[in-house]
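Please look over the model shown here before reading the notes on its core, surface and charge pairs.

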Amino acid sequence: MRKLLKDFKEFAVGGNLVEIAVGLVMALAFAALVTAFVENLIMPIVAGIFGEPNFDGLWAVPVGDAEIQFGTFVTALVTFLSVAFAIYFFVVKPYQGYKAKHEEPAEEAGPSEVDLLTQIRDSLVRS
């Protein structure tokens with residue numbers, strides 16, 4: 001029983017689990033930020049252009065008793081593209097710039113094993 005509790009404690013407070021939990025909390029907070037960006041900045045621009053903040057009521061095609069709602073799909077597509085745009089230009093590009101600026105230059109690779117062995121062989125032949 002003690003070993004089981006010890007193993008559970010290592011699992012529950014282990015480094016990887018805590019890091020994953022922190023990452024998840026940060027991702028959820030960031031998701032709320034991106035959602036607010038899309039809903040409060042992007043979709044009002046859509047409303048200014050098309051007269052409505054979404055396309056849910058547009059392009060509905062009745063099929064029997066059902067209705068195919070192309071407008072709802074277009075709204076989801078615009079939302080997805082807006083989120084992708086926001087993430088790319090406000091997270092990915094700045095992170096790439098930061099990483100390139102602070103990345104240490106890679107060490108130049110020395111000669112390969114084959115090159116070194118060839119040099120040794122040639123040295124032994126000459127002597």
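Helices (H or I, at least four residues) and strands (E, at least two) are DSSP runs, numbered from the N terminus. This is a predicted model, in which local features need pLDDT of at least 70 and side-chain atom pairs count only at pLDDT 80 or more, while totals for chains, interfaces and linings use all residues. Residues are numbered from 1 along each chain as its sequence is written, and side-chain values use heavy atoms, with hydrogens and water left out.

**Nonpolar core and its surroundings**

- The largest nonpolar core has five residues, V34, V38, M43, V46 and F55; such a core is a set of buried Ala, Val, Leu, Ile, Met, Phe, Trp, Tyr and Cys residues joined through side-chain atoms within 4.5 Å.
- Buried means under 20% relative accessible area, exposed over 50%, and partly exposed in between (1.4 Å probe, protein chains only).
- Beyond residues up to four places away in sequence, V46 touches G51, E52, P53, F55 and V78, where contact means heavy atoms within 4.5 Å.
- T75 belongs to helix α3 and counts as buried, at 12% relative accessibility.

**Nonpolar surface patch**

- F30, L33, F85, I87, Y88, F89, F90 and V91 make a nonpolar surface patch of about 730 Å².
- The elements giving two or more residues to this patch are α2 (15–50) and α3 (70–102), and α3 provides the largest share, six residues.
- Patch residues have over 30% relative accessible area and no salt bridge; nonpolar side chains (Val, Leu, Ile, Met, Phe, Trp, Tyr) are joined within 5 Å, and like charges within 9 Å.
- Accessible areas come from the Shrake-Rupley method with a 1.4 Å probe, and for residues only the protein chains shown count as cover.
- F90 is in helix α3 and is exposed, with a relative accessible area of 53%.

**Salt bridges**

- The structure holds two salt bridges, each a side-chain nitrogen of Lys or Arg within 4 Å of a carboxyl oxygen of Asp or Glu.
- D7 pairs with K3, with the closest N and O atoms 3.1 Å apart.
- Both D7 and K3 lie in helix α1 (residues 2–12), four residues apart, about one turn of the helix.
- D7 is partly exposed at 35% relative accessible area, and K3 is exposed at 60%.
- R121 forms a salt bridge with D122, the closest N and O atoms being 3.2 Å apart; D122 is partly exposed, at 27% relative accessible area.

**Helix α4**

- Of the 14 residues of α4, zero are buried, so this helix lies largely in the open.
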